[in-house]
Amino acid sequence: MLCQDTIAAIATPLGTAGVGIIRVSGPKAHEIARRIFKPTAKNCPWESHFLYHGDIVSADGKTILDEVLLSCMRQPHSFTGEDVIEINSHGSPLIMQTILTQLVELGCRLAKPGEFSQRAFLNNRFDLSQAEALAAIVSAKSPRAYAIGLAQLKGDLSLEVENLRNLLIDALALLEIAIDFSEDVSVGETPEFPPQIDSADERVRLLLSSCQTAKMFTEGINVVITGKPNVGKSSLLNALTGKKKAIVTDIPGTTRDLITDTINIRGFPLNLVDTAGIRKPQNAIEKEGIDLVWENLAKADVVIIILDVSKPLTNEDKKIIDKNKEGNILIAINKIDLPPSWEIKKIERLIPRGKKILKISAKFGMGLEELKDTIVDVVSDGMEKNTGEVMISNLRHKLALENVQKKIQAAKNSISGGMSPEFAAFELREALDHLDEITGKKINDEVLDKIFSSFCIGK
Ligand SMILES: Nc1nc2c(ncn2[C@@H]2O[C@H](COP(=O)(O)OP(=O)(O)OP(=O)(O)O)[C@@H](O)[C@H]2O)c(=O)[nH]1
Ligand SMILES: [Mg+2]
C-alpha cells in the first residue's frame, strides 16, 4: 500500500551533534532529492543503496545550504518500503531545520510521529509487534530491555504468535470436523477435545508469566528507601548512584521531596527513590513529604528500611517495619562504622523469617555491593525462570494475550460442559482475532494511529 504524499522529518534528536539525519519517504523522494542535491561527482548514477557526496542547495540553486552525504533507497528495499532518501547533514539544528523547510517547499509534508514506521508496517516490512519493538529499543533503559526489544524486532514474538495461531487453527479444523459429524454423536457424549487447545493454553500461560520479569527489565524495579529521619537514606541514595543527588545533613528532616535516580544492576534498571524521614510531622511541608512516602511505599517493588545502629531503636523504627513487613522488604542496618547501640538479633524478632538483613555504611561505602545484589535477588525470587524464552514487555500485547487466554478457557469449558463443538469453535475464532491484534493482522485504524503516534518524530 504505497502512500500518495511524500513525508520528511529530522530523524536525529534536535540538538547540536556531529551529524544529523533528515529522512524523506514517498513517491516524490527522488525527484525532490535531485532538485535539492548537487552531487560532487559529474556523472552521478543515482543508484539505490549508494552514498553520494555533494551540496544541498536552495530551491533556486543559487545558495549552498550544507555539504552532505545523501543516500537513496528505492522501493521496496527501504525502511518504509517506499522510495526513501536520507540526508546526512552537519548536526546543527539550524541547518537541519533549513533543509527540512526546503523539502517542504518542494512538496514534502512534515511527517507525524511514528509515520515512517507506520508506512513500513502498512507495506509489510514488519508486523505491528516488531514496529513496537523498534520503539522499545529506542527507549530501552537497560541492556536486558534492549535485548528483549531486539529479540522481538528479529521476529521471536511474531514466530511464537504464528505457532500459537497454527495450534488454534488445527484445533479449529478438528472442531469443524466434529461439527460436520455432530449428528452422529449421541446426546450426553462429550465431543473430542483437540489436544492443541491445551498446548496453546500452556504457551499463552508461559508468555504471560514473562510479563512481570520483562516489565522489571524494561521499566525498572522501583526501590523505595525509607526509615525515620537521619538514619542515612539520602547518604545511601548518593552512595548507590555515585552522585550527590540528595542533600545530606545531620539535621533530622532534611529531605522532603522524593529524590529519584536510576542505576543498572545485573541488567535490571533500579529506580531508586529517596524519601522524607518518617516521624510525627513538625510542619505542613514535612507532612506532605511523609504523605508522599506512604504513597510511594504502596507502589514499590522493593522497600529498603534503614535503621541507624549507632542510636537506640525507637517505636518509629518498629512502626515502619511493621507497616511494610508483608511486602518485599530488606533491612539495611546503617552506620556500622560507629559503635553499635543494639544487637541485630533484636531486629530478627521483628520481621518475618527469610527477610534479608544487611549491614552497611552508606557514608563509607561498606556492604553496598551485597545490598545491590540482594535487591535484585529479592525481586527475581518470585519470578518464573523463563528469561531465555520470548518475553512480553508491551502492555497491549499482554492485554491481547489475556483475552486469548479467556477465550481458550471458554472453549475448554464449553467442550467439557458437553456443549456443541460450534460453541468452542466460536471461542477459538475470537481467540485468533485477539492473537492477530498483537501482530496487527486484525486491528482498526484508530488503534494503529494511536500506537504509532506514541513513537518519536522521524522514527
Ligand atoms: N558515621 C556514619 N554516618 C552516616 C552514615 N550514613 C549517614 N550518616 C550521617 O547521618 C546523617 C544523616 O544522613 P542523611 O543521609 O541526611 O539521612 P536521611 O535519612 O536522609 O535524613 P532525613 O533526610 O533527615 O530523613 C548525616 O550527618 C550523614 O553524614 C554512615 O554510614 N556512617
Ligand atoms: Mg534525606
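Student: Which residues does T226 touch, not counting residues up to four places away in sequence?

Tutor: Contact means heavy atoms within 4.5 Å. By that rule, T226 touches K233, T275, I278, V293, L297, V303, I304, I305, I306 and I320. A word on the source: this is a predicted model, where local features need pLDDT of at least 70, side-chain atom pairs count only at pLDDT 80 or more, and totals for chains, interfaces and linings use all residues. Residues are numbered from 1 along each chain as its sequence is written, chains are lettered from A and ligands numbered from 1 in the order written, and side-chain values use heavy atoms, leaving out hydrogens and water.

Student: Is T226 buried or exposed?

Tutor: Buried means under 20% relative accessible area, exposed over 50%, and partly exposed in between, with a 1.4 Å probe and protein chains only. T226 has a relative accessible area of 0%, so T226 is buried.

Student: Which strand holds T226?

Tutor: Helices (H or I, at least four residues) and strands (E, at least two) are DSSP runs, numbered from the N terminus. T226 lies in strand β8, residues 221-226.

Student: At what angle do α5 and α8 pack?

Tutor: Axes are lines fitted to C-alpha atoms, for helices over the stretch in contact, and angles run from 0 to 180 degrees between N-to-C directions. Helix α5 (residues 143-153) and helix α8 (residues 211-219) pack at about 120°, with axes 7 Å apart. Under 35 degrees counts as roughly parallel, over 145 as roughly antiparallel, 65 to 115 as roughly perpendicular, and the rest as oblique. The pair is therefore oblique.

Student: Which residues make the contact?

Tutor: R144, A145 and I148 come from α5, and A214, F217 and T218 from α8. These residues divide into four nonpolar, one polar and one charged. Ala, Val, Leu, Ile, Met, Phe, Trp, Tyr, Cys and Pro count as nonpolar, Asp, Glu, Lys and Arg as charged, and the others, Gly among them, as polar.

Student: How many helices and strands are in the chain, and how spread out is the chain?

Tutor: There are 16 helices and 13 strands. The radius of gyration, taken over C-alpha atoms, is compared with a globule rule of 2.2 Å times the number of residues to the power 0.38. Here the radius is 29 Å, well over the 23 Å that the rule gives for 459 residues, so the chain is more spread out than a compact globule. Of the 459 residues, 48% count as buried.
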